Amino acid sequence: MTPSDPSTLNPQLSAPFAAPGGATVRPVHDEFHGDLLEVSLGPQHPSTHGVFRMVATLDGERIVKLKPVFGYLHRNHEKLGENTTYLASMPYTDRLDYLCSMTNNWAYALAVEKLAGQPVPDRAQYLRIILAELTRLVNHSCLVGFLFNDLGTSFTPLLYAFREREKILDLFEALSGSRMMHNYQRFGGCRVDPSPDWLAAASKLVDNFPRFLDEFEELLTGNEIMLARTQGVGVLPRDLAINAGITGPMLRASGVAYDIRKVDGYGFYPRFDFRIPLGEHGDTYDRYMMRILEMRESVKILQQAFRELPAGPIMDPKAKIRGFRPKPGEAYGRIEGPKGEIGFHLISDGGPNPYRYRIRPPSFINLTVLEDMCLGHTIADAVVILGSIDIVLGEVDR
Amino acid sequence: METLEEIRTRLLARFPAAQVTLITNPGPAAEHSLLLDPAHARDIALFLRDSPGLRFNYCSNVTGVDWPDKEVVETTKTSVPDPAGGPDKIVETKTKRLEPGYLEAVYHLYSMELKHGPVILRLRTANRTDQVTLPSLTPVWRSCEFQEREIFDLFGVVFNGHPDLRRILMWDTFKDHPMRKDYVAPDDFEWEPTPHGDVLAKAQKHYPAPAAPSGGPAA
């Protein structure tokens, strides 16, 4: 069942409410329409993935306005970053998006290395790619599990995903000492060199991962309820996705080939052979498929990285650990995180602390179009659409 | 991609009345930026987004930066002849000058179509107190919507033409702007009727004790 046009699938989709550009409330006062009903979803609600709140206005069952409310987890992370040294912010970046600490670490290390003109040895570059792609596997498999939770499967796919995630987290724990808060990257390299045993175990896990994906897909991809609930739901048009700064799998589900791994070619990604999956309709189903296909590409990158991993130092011997003071200037470093473009904008005034420390959070900016995608749908669909955006509130609220 | 200098020439040819200044970045990253005057910022942004060859259709990151008032001490050296006939005396005179601060909004632009970037735009307010208005670029790039709200919330820049300018991370009744450099955190985050201990010490540091009333009760 592959519909060419999502709107033919669900005739209600081209509802009169789905106006572009965020035109929201449509006050109608005739005998067919009752009063608008305002529903506050969250912040304490299991389907909002944390303390996130949506204020939805309903006309009958259809959403005509939806305003996200942020800030329940706000701790002014950026101010904390300005008041500590560069290296002391590294463990804080773990807490941003606690599912992908390794990529947060890498984005921050990349920005500081750009700011200070710090080179990174080859082995560390490969290790970074290995850990970032393992993080992508963790994040995407969890996302699929949570998405199915939102669809009402009551934990079965999530536990399949968590089984695989635990294996990867065990590897992370063996390497960095912590399951989720890795604090692994350093400016100019990595903190610990993995042992040959670790590499063998990781390589074996990666080789077995496609089997899990096959199992997962057999269970989920063709599922009829899943197709009915996701195809044609929450369509994000291509132009809006670009204009609203959407990044990551969500952007590529709308058919825009923009992956920072290819565009910027940071790290050693240009040496790797992988493809960028693209969606066609930009609906929830495509966003789900993007994750599955990206995991398969990540497996390819990982296998190549384990084959080619060079020997050598993992830290640049000239890297300065203590008394690190970059020259005055500014830098914006960005990488392709599992959720989208995660970037750090740093301004240095020559002191030990950054003058300005700004995080470009992918899931926060991806939420810009939440209202546009939900208009004309029901509350139950809004929950699924939110699940397919893939947010982590530690990063949204910072 | 054209260099920033070429983009600047193109902008000046298209908008002769606009002021576009190239701001160099001395660091190793060498990401230079263009300072725009607020009056023409939105037209220039539209031009950058739509003109062929540039097509910066993706505004990735919007940041606020606070630059407080700076006191600059300038030293001038003058030589005064020694009346006793010795070598000339060098006298240093120091003059203090107050450099007014400003709030800044920084936009990082990329092109998803031509896959180039970044071009960094900067907008500056006139000062930090009463003239803090900048034109909003949300009508040009929707991705600025939440980020400009965040700058309004945390820095206090008012964006003209923003469709929904409200506080986003702090609560609506919050008064100050926490990301400003001179922000003072409240002495007690949970109000207590009789402050004591650390809270009292902080409060006494931040608020000078009221002048002792004459003939008041003894302590």
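Two strands pair if DSSP finds at least two bridges between them. In this predicted model, β8(A) and β9(A) run antiparallel and are joined by 8 bridges. One residue pair shows where the strands meet: Tyr332(A) has His345(A) in β9(A) as its bridge partner.

These strands belong to an open sheet of 3 strands in chain A, ordered β8-β9-β10 and paired in the antiparallel sense. β8 and β10 of chain A are the edge strands, each pairing on one side only. From one strand to the next, the twist averages 10°. A helix also covers part of the sheet: α4(A) lies across β8 and β9 of chain A and runs at about 150° to β8(A).

## Domains of chain A

Chain A is divided into two parts, domain 1 with residues 6–69 and domain 2 with residues 77–397. Taken over C-alpha atoms, the centres of domain 1 and domain 2 of chain A are separated by 30 Å.

## Helix α7 of chain A and its partners

Two helix contacts of chain A involve α7(A). In one of them, helix α7 (residues 196–220) and helix α12 (residues 284–308) of chain A have axes that come within 10 Å and cross at roughly 160°. That angle makes α7(A) roughly antiparallel to α12(A), because angles over 145 degrees count as roughly antiparallel. The crossing of α7(A) and α12(A) is left-handed. On the α7(A) side, the contact includes Leu199(A), Val206(A), Phe209(A) and Leu213(A), and on the α12(A) side it includes Ile292(A), Met295(A), Val299(A) and Phe306(A). By class, the residues of the contact of α7(A) with α12(A) are 10 nonpolar, 2 polar and 2 charged.

In the other contact, α7(A) meets helix α6 (residues 156–176) of chain A; the axes come within 11 Å and cross at roughly 170°. α6(A) and α7(A) are therefore roughly antiparallel to each other. From α6(A), the contact is made by Pro157(A), Tyr160(A), Glu164(A), Lys167(A), Ile168(A), Leu171(A), Ala174(A) and Leu175(A). They meet residues of α7(A), among them Trp198(A), Leu205(A), Phe212(A) and Phe216(A). The residues of the contact of α6(A) with α7(A) comprise 14 nonpolar, no polar and 2 charged.

## A second contact of helix α12

α12(A) also packs with helix α5 (residues 122–150) of chain A, at an angle of about 155° and with the axes 9 Å apart. The angle makes α5(A) roughly antiparallel to α12(A). The crossing of α5(A) and α12(A) is left-handed. Residues that make the contact include Tyr126(A), Ile130(A), Leu137(A) and Val144(A) of α5(A), together with Tyr288(A), Met295(A), Leu302(A) and Ala305(A) of α12(A). The contact of α5(A) with α12(A) divides into 13 nonpolar, 3 polar and 5 charged residues.

Met295(A) takes part in the contact with α5(A) and is also listed in the contact with α7(A). Leu302(A) likewise belongs to the contact with α5(A) and to that with α7(A).

## The sheet of chain B

In chain B, 5 strands form an open sheet in the order β1-β2-β7-β6-β3, with mixed pairing. Its edge strands are β1 (20–23) and β3 (58–67) of chain B, and each pairs on one side only. On average, with direction ignored, neighbouring strands of this sheet are turned by 25° against each other.

β3(B) pairs in the antiparallel sense with strand β6 (residues 102–110) of chain B over 9 bridges. Within this pair, Val106(B) in β6(B) is the bridge partner of Thr63(B). Helix α3 (residues 144–154) of chain B packs on the sheet and touches β3 and β6 of chain B; the direction of α3 makes about 5° with that of β3(B). Helix α1 (residues 4–14) of chain B lies across β1, β2 (33–36) and β7 (119–124) of chain B, and runs at about 170° to β1(B).

## Where the chains touch

Between the chains, 36 residues of chain A are in contact with 28 residues of chain B. The elements of chain A that give two or more residues to its side are α2 (77–82), α4 (101–116), α9 (238–243), β8 (329–336), β9 (341–348), β10 (356–360) and α13 (362–366). β9(A) provides the largest share of this side, 5 residues. By class, the side of chain A that touches chain B has 15 nonpolar, 11 polar and 10 charged residues.

Notes. Residues numbered from 1 in each chain as written. Chains lettered and ligands numbered in written order. Predicted model: local features only at pLDDT ≥ 70, side-chain atom pairs only at ≥ 80, totals over all residues. Domains from an automatic or database assignment. Contact = placed C-beta atoms within 7 Å. Helix = DSSP H or I, 4+ residues; strand = E, 2+ residues; numbered from the N terminus. Nonpolar A, V, L, I, M, F, W, Y, C, P; charged D, E, K, R; others polar. Axes fitted to C-alpha atoms, helices over the stretch in contact; angles between N-to-C directions. Parallel < 35°, antiparallel > 145°, perpendicular 65-115°, else oblique. Left-handed = near helix turned anticlockwise from the far one by under 90°.
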